[in-house]
Amino acid sequence: MTTRRMTVAQALVEFLAHQWTVDGDHRERTIPGVFGIFGHGNVAGLGEALLSAHRRDPDLMPYHQARNEQAMVHQSVGYARMRRRRATFASTASVGPGSANMLTGAALATSNRLPALLLPSDTFATRVADPVLQQLELPHDTSLQVTDAFRPLSRYFDRVERPEQLFSIALAAMRVLTDPAETGAVTIALPEDVQAEMLDVPEAFLADREWHVRRPLPERGPLERAVARIRAAKAPIIVAGGGVLYSEAELELLRFVEATGIPVGTTQAGGGALPWDHASNLGGIGATGTPAANRLAAEADLVIGIGTRYSDFTTASRTAFRNPDVEFVNINVASFDAYKHGTQHPIIADAREALAALGTALGGHRVTDAYAERIAHERREWFARADEVLAPSDRALATQAELIGAVNEASDPTDVVVQAAGSMPGDLHRLWRVRDPLGYHVEYAFSCMGYEIAGGLGVRRAAPDRDVIVLVGDGSYLMLHSELATAVAEGLKIIVVIVQNDGYASIGSLSESVGSERFGTKFRSYDAEHRDFEHGGRVPVDLAANARSYGVDVIEVPTGPDAAAALGRAIAAAKASDRSTVIHVEADPISVTPDSEGWWDVPVAEVSELDGARAARREWEQARGAQRPLLG
């Protein structure tokens with residue numbers, strides 16, 4: 001057996017450079033590069049290995065610098081989603097705080113069922129220098145390290161404690177990364193001494209290896225039972241989730257709904273599964289959905305879930321599907337999600353393959369003319385209302401909805417809108433008119449503040465021919481704006497729209513609804529007299545100047561009745577430029593969009609001295625009465 005003498009880190013880098021994802025006729029590198037911030041845990045291991053690889057061949061395993069470890073993982077996730085889970089980046093960080101900073105990214109990747117390879121550094125496996133700088137010491141168990149915190153956040157976790165373990169660990173990690181049913185954060189913890197240790201590596205380990213994406217076909221029995229249930233349904237509805245896009249099933253979904261007339265409500269991850277103006281598209285469904293989707297969901301006797309994990313926002317905290325006889329046909333590549341809501345009709349299969357099989361088996365089956373007219377009526381009513389709130393209002397302070405309308409109008413069909421947290425995801429779910437399957441990129445499984453700019457960079461890396469428009473509130477911008485420096489350093493063009501509303505507007509609205517009076521949600525200076533942050537003046541932070549300091553172009557939209565039109569012009573100017581642009585615009589933090597007619601369960605204080613909280617508790621108890629813990 002031919003071998004090469006290498007360090008563990010060198011062997012891992014070369015191994016990763018030769019991994020390929022194959023999906024039908026499509027073949028691409030599974031790990032096209034590595035993000036890294038170096039410290040004493042990885043500078044002599046992976047740092048040396050990446051430099052050596054670069055000197056041999058700059059294309060072997062490209063290295064990309066980052067400014068924040070959490071943002072490295074966000075970039076990987078943004079890239080992976082845009083590549084339909086066929087590829088992702090690896091991220092390496094140093095011992096202690098560097099690796100701990102990736103924990104949020106790991107949770108985000110796993111929650112979203114999106115692949116990300118994390119290579120956190122560990123302290124000495126030999127413990128020869130215990131305790132080293134930045135080592136976590138716990139007297140009840142000295143074997144525990146910071147990297148152990150990745151265990152509950154990862155779909156796969158292992159630690160290379162001896163060089164020989166690398167082979168089996170690396171192969172197992174790749175299996176999980178490329179498995180549609182298992183993927184998420186994959187963590188290989190690397191002790192700093194083991195990274196630099198030598199071993200004889202078989203050439204076979206370093207050769208090109210292909211990982212074929214599984215596209216399982218539906219079994220005959222479950223398929224026949226689902227067909228019978230669909231034929232019997234009088235008011236069916238489809239819930240289209242991210243699995244539709246990850247399996248590239250949007251064309252099959254289009255064929256299916258055109259043949260059957262069954263309406264579709266999309267989850268946040270499923271935005272783009274069907275063009276917004278298609279006759280069967282009811283828009284978003286659930287707590288942040290449209291009244292059209294939620295009214296039909298409430299009456300549905302059959303819910304066909306395709307590639308959805310049924311989050312509480314999708315099910316309106318289990319109040320969306322109110323028909324006492326409702327049943328579920330769940331199509332999912334993961335049995336964990338296929339069996340949700342107690343369904344007796346799970347189809348554990350690839351979404352594209354299952355839809356094709358269902359369409360063939362259903363033949364000429366179609367919803368009744370009366371139900372088709374009901375669908376058309378709800379669509380007309382909703383989109384007429386949406387047109388009103390998206391149009392410029394001539395208010396002194398623009399609403400968030402009209403700003404969304406201006407951006408949507410100024411964007412091209414293939415542009416990608418990126419968002420993650422605050423009130424913006426809900427407004428986008430109801431109002432953004434998606435014209436391309438990959439044009440809607442809202443991270444809402446973890447809804448992580450700070451994802452937007454880093455995630456947008458990942459999208460741009462994955463789709464350099466598309467404009468990426470990042471919408472971010474000032475609260476989320478302040479969490480993680482440092483990756484603007486990465487955009488400048490690498491010439492990665494993104495358009496960032498900072499919607500300034502002086503605080504955490506979304507939580508402010510939620511706080512008010514539960515009787516907490518927007519406490520702690522406004523960006524105000526400390527008031528010594530009242531000893532709080534409620535009565536102080538506006539914090540004089542200039543976010544436009546902050547963005548300008550990174551070297552990006554900045555456009556400040558004047559506040560006033562013309563703000564929406566001016567924002568549209570700013571988007572057009574940013575699209576015409578080849579540089580990253582930040583656009584700053586103020587919005588009314590109190591303005592709201594039309595009610596979704598969906599509910600979100602946020603428990604309210606059972607006992608309180610606040611009048612608002614007591615009233616909110618009464619409303620919560622009434623709404624909770626519609627909850628159905630077990631469905632199907």
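Which residues does R159 touch, not counting residues up to four places away in sequence? The close-up views below begin with that residue.

The model is predicted: local features need pLDDT of at least 70, side-chain atom pairs count only at pLDDT 80 or more, and totals for chains, interfaces and linings use all residues. Residues are numbered from 1 along each chain as its sequence is written, and side-chain values use heavy atoms, with hydrogens and water left out.

View 1. R159 lies in strand β8, residues 156-159; helices (H or I, at least four residues) and strands (E, at least two) are DSSP runs, numbered from the N terminus. Leaving aside residues up to four places away in sequence, R159 touches D122, Q145, T147, D148, R151, Q165, I169, A189 and P191, where contact means heavy atoms within 4.5 Å. The side chains of R159 and D122 make a polar contact at 2.6 Å. A polar contact is a pair of N or O atoms within 3.5 Å; within protein, one must be able to donate a hydrogen and the other to accept it, and residues adjacent in sequence count only if both atoms are side-chain atoms. R159 counts as buried because its relative accessibility is 11%; buried means under 20% relative accessible area, exposed over 50%, and partly exposed in between (1.4 Å probe, protein chains only).

**View 2. Helix α6.** Residues 166-177 form helix α6. Its buried residues are L166, I169, A170, A172, A173, M174, V176 and L177. I169 is also one of the residues that R159 touches.

**View 3. The open sheet of 6 strands.** The strand order is β19-β18-β20-β21-β23-β22, with parallel pairing; two strands pair if DSSP finds at least two bridges between them. Strands β19 (440-442) and β22 (553-556) stand at the edges with a single partner strand each, so one side of each has no neighbour in the sheet.

**View 4. Strand β18 and its partners.** Strand β18 (residues 416-419) pairs with β19 in the parallel sense over 3 bridges, and Q419 stands opposite V442 in β19. With β20, β18 also pairs in the parallel sense over 3 bridges, and V418 stands opposite V470 in β20. In a regular strand the side chains alternate between the two faces of the sheet. From β18, V416 and V418 point one way and V417 and Q419 the other, and all are buried.

Terms used. Expected span 1.5 Å × (residues − 1).
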